[in-house]
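Morning, everyone. I have one model to show, and I'll keep it quick. Please look at the screen.

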Amino acid sequence: MLPPGWGLLWLGLVLGSTYVSLGSCNLASNSKDALNVLLIIVDDLRPSLGCYGDKLIRSPNIDQLASHSLLFWNAFAQQAVCAPSRVSFLTGRRPDTTRLYDFNSYWRAHAGNFSTIPQYFKENGYVTMSVGKVFHPGISSNHSDDSPYSWSVPPYHPSSEKYENTKTCRGPDGELHANLLCPVDVADVPEGTLPDKQSTEQAIRLLEKMTSSASPFFLAVGYHKPHIPFRYPKEFQKLYPLENITLAPDPQVPAGLPPVAYNPWMDIRQREDVKALNLSVPYGPIPVDFQRKIRQSYFASVSYLDTQVGRLLSSLDDLHLANNTIVAFTSDHGWALGEHGEWAKYSNFDITTRVPLMFYVPGRTAPLPEAGKKLFPYIDPFDSSELMEPGRRAEDLVELVSLFPTLAGLAGLRVPPRCPVPSFHVELCREGQSLGKHFRPHDLEEDPALHGDPRESIAYSQYPRPADSPQWNSDKPSLKDIKVMGYSIRTIDYRFTVWVGFSPHEFLANFSDVHAGELYFVDSDPLQDHNMYNDTQGEDLPRLLAP
């Protein structure tokens with residue numbers, strides 16, 4: 001048995017990896033010259049964006065942000081489900097430290113009184129504001145979005161949010177249903193609006209108010225789409241004709257996939273239109289024509305999201321804030337669209353753990369906008385089809401737990417110290433590495449001493465299961481039901497996952513109780529379909545995986 005919080009550290013050490021300090025980026029700061037921060041968090045967004053090489057997706061406004069940003073090509077979440085991921089990156093601690101693997105506990109009461117990113121900015125003189133889904137609502141943020149610790153003013157949630165899972169989707173029969181696929185006529189839905197539209201409007205109102213403030217601001221905006229149900233303005237379907245929609249490149253459940261690694265996407269199955277398909281559980285495939293419709297609606301939701309991000313960023317220009325506001329853009333985790341025969345998140349595969357991550361820093365990732373020039377003019381996705389290149393791109397593997405120290409350093413605040421192990425008693429520390437070295441000026445980029453070996457960059461993730469085989473609660477087991485924990489390491493060369501016994505009462509992982517393993521080599525198997533773990537048994541695994 002390992003002490004609480006040591007699971008991923010042990011896995012890294014046994015494979016010969018170490019944490020490498022990447023340094024920080026400290027700038028002198030006071031209330032007069034401090035940079036504001038706009039943090040945009042998207043729900044369930046995988047890197048299906050033009051700036052990440054997806055030529056089908058119309059995302060011109062996010063691509064435009066990327067063209068002025070430093071974009072991280074290989075960024076990974078620490079657990080592919082909403083509440084644990086958000087609490088992890090907003091506190092800078094891994095799930096084994098927050099002790100949140102489900103939705104049913106508040107870290108300050110359950111694990112430790114850990115500081116959050118907005119709390120740290122608030123304590124350093126910032127006005128901190130939350131719009132939309134930033135923390136996951138409910139028990140995991142104390143039914144208050146972690147107020148009053150994190151926020152200077154009460155968090156805002158759009159009033160139309162309460163209709164997201166109700167019968168507002170008009171089906172072919174003319175009746176209203178609670179469907180997975182839910183393109184709508186916005187004029188016909190309750191309140192005549194949608195949550196993300198309301199969040200954009202509120203965020204712009206707050207930005208307008210902050211133009212007359214003497215204090216810098218930290219504004220976090222959380223967008224719901226493309227989270228299910230796919231409830232979005234129906235005109236966005238026109239961007240993605242069904243005849244142009246392909247299936248996932250690997251739509252079959254891999255033959256060598258351990259049953260414990262598979263997620264049976266039970267939340268998808270609960271939607272009325274999916275229920276009507278009478279699919280077998282857990283592996284029953286979705287009919288091909290319906291797979292295309294799911295992918296169409298996901299992509300349409302992404303383009304709808306892009307318009308909201310575009311309007312928000314355009315307001316930075318209109319309010320003359322683009323030259324003194326850092327913009328960070330990311331997602332809580334990815335989402336499978338049929339890859340490996342899976343849908344939704346709830347796994348350790350790249351498709352569910354890899355996320356978009358980019359930072360715009362005025363004067364550093366892009367020149368300051370000239371007087372009268374706009375950096376973020378709104379682009380209509382219906383009018384634009386040209387792909388924009390990211391401004392700068394970093395290939396190193398990075399983690400969302402790096403968000404806390406990176407934003408602190410970019411804003412000129414002291415980067416919190418590294419956490420000891422364990423760190424339950426320490427209020428302010430971080431388990432992620434600062435990404436500050438990547439923001440150094442171009443003329444220093446060629447110095448190899450500043451970058452190191454990309455083979456040393458590592459991303460960790462984990463996912464809990466209630467049993468060795470898929471069952472009704474495999475996707476979202478409550479803490480008391482967790483019996484197995486899948487710890488995963490992603491390097492530039494491979495993804496290695498080991499599923500081990502786990503005690504939810506003691507928060508202990510037992511690495512001598514191995515239930516299953518997965519090993520995928522990136523170069524020969526980029527989609528992670530051919531599990532080589534059983535082929536390597538009896539070999540010296542650390543030697544086999546060494547760079």
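First, the ground rules. This is a predicted model: local features need pLDDT of at least 70, side-chain atom pairs count only at pLDDT 80 or more, and totals for chains, interfaces and linings use all residues. Residues are numbered from 1 along each chain as its sequence is written, and side-chain values use heavy atoms, with hydrogens and water left out.

Now the cysteines. The count is 2 disulfides, a disulfide being a pair of cysteine sulfur atoms within 2.5 Å. Cys169 is joined to Cys182, S to S 2.1 Å. The S-S torsion there is about -100°, so this disulfide is left-handed. Cys169 sits in strand S4 and Cys182 in strand S6, 13 residues apart. Strands are DSSP runs of E, at least two residues; helices are runs of H or I, at least four.

Cys419 is joined to Cys429, S to S 2.0 Å. That link has 95° about the S-S bond and is right-handed. Both cysteines lie in the loop between H12 and S14, 10 residues apart. Cys429 is buried at 2% relative accessible area; buried means under 20%, exposed over 50%, partly exposed in between, with a 1.4 Å probe and protein chains only.

On to the helices. H7, residues 195–210, packs with H10, residues 288–318, at about 10°, axes 10 Å apart. Axes are lines fitted to C-alpha atoms over the stretch in contact, and angles run from 0 to 180 degrees between N-to-C directions. H7 and H10 are therefore roughly parallel, the word for angles under 35 degrees.

Key. Parallel < 35°, antiparallel > 145°, perpendicular 65-115°, else oblique.
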